[in-house]
Amino acid sequence: MNRNNPDADPAESEDEYIARKREESDSATGLMFVVVEGFIFVLKIAAIFGMFFYAGFLLSQKFWGEETDKFKICGLSLLFTYLIFCIIYFFKGTIIGLQAKNRQLWILPWVICVLICCIIPALIVKSFVAGMFNLTERQSILCIGLSWGAFILFSLYVYGIYQFKTPTVPKILYWSYALGLKVSL
């Protein structure tokens, strides 16, 4: 056993030991990156769709009461969340239809969609970023710059996901989009 490398196998050469340690280090680093990427993905999903699920949860509690069992509340929350997305994609269909007819009225549903889907979640992210600072540091230029930077970047990121002026729609919501398109044409 080598005194410099107490965890080395007795029959292992110095080069084999270094190669084994490098492989262990690389696999640990790779696992760490996978965990961090998964965490960031969950945060993105929560920030983008969490507000709508929470609104569906509040609606289900309002209709059934707080004492209803959790299975019904969860199912109704998913149903109300789906209905909220149906409304959003209905508006997206009207945006596309009104743009196709060269009517300036398309701006109204576009503003509603951008406000609900991009601006409000970005304000939540902005307040989350500002909340990471102490109360005394929240008026500093760093806090203000980072929070508004997070607001702008997140709102642009979410807008890129929804793409309100392009006819891209998830298959499960296509019927709502088609109905909005039909109504506007």
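Q: Which helices do the buried residues of H4 pack against?
A: The buried residues of H4 pack against helix H1 (14–64), helix H2 (70–100) and helix H3 (107–131). Contact here means heavy atoms within 4.5 Å, and helices are DSSP runs (H or I, at least four residues) numbered from the N terminus. The model is predicted, with pLDDT of at least 70 needed for local features and 80 or more for side-chain atom pairs, while totals for chains, interfaces and linings use all residues. Residues are numbered from 1 along each chain as its sequence is written, and side-chain values use heavy atoms, without hydrogens or water.

Q: What is the span of H4 set against?
A: H4 covers residues 141–162, 22 residues in total, and its first and last C-alpha atoms lie 31 Å apart. The expected span is 1.5 Å times one less than the number of residues.

Q: Which residues of H4 are called buried?
A: They are Cys143, Ser147, Ala150, Phe151, Phe154, Ser155, Val158 and Tyr162. Buried means under 20% relative accessible area, exposed over 50%, and partly exposed in between (1.4 Å probe, protein chains only).

Q: Why are the buried residues of H4 said to line one face?
A: Viewed down the axis of H4, they fall within an arc of 120°, so they line one face of the helix. The arc is taken over the directions from the helix axis to the C-beta atoms. The face turned away from the buried side carries the exposed residues Ile141, Leu142, Leu153 and Leu156.

Q: What makes Gln163 stand out after H4?
A: Gln163 follows H4 and is found in the loop between H4 and helix H5 (174–184). Its phi is near 45°, a positive value in a residue other than glycine. Most residues other than glycine have a negative phi.

Q: Is Gln163 buried, partly exposed or exposed?
A: Its relative accessibility is 33%, so Gln163 counts as partly exposed.

Q: Where is Asn102, and what is its phi?
A: Asn102 is found in the loop between H2 and H3. Its phi is near 55°, again positive in a residue other than glycine.

Q: Why is Asn102 called exposed?
A: Its relative accessible area is 67%, so Asn102 is exposed.

Q: How is Phe91 classed, and what is it in contact with?
A: Phe91, found in helix H2, has a relative accessible area of 25%, so it is partly exposed. Leaving aside neighbours within four places in sequence, Phe91 is in contact with Pro109, Ile112 and Cys113.

Note on methods:
Helices (H or I, at least four residues) and strands (E, at least two) are DSSP runs, numbered from the N terminus.
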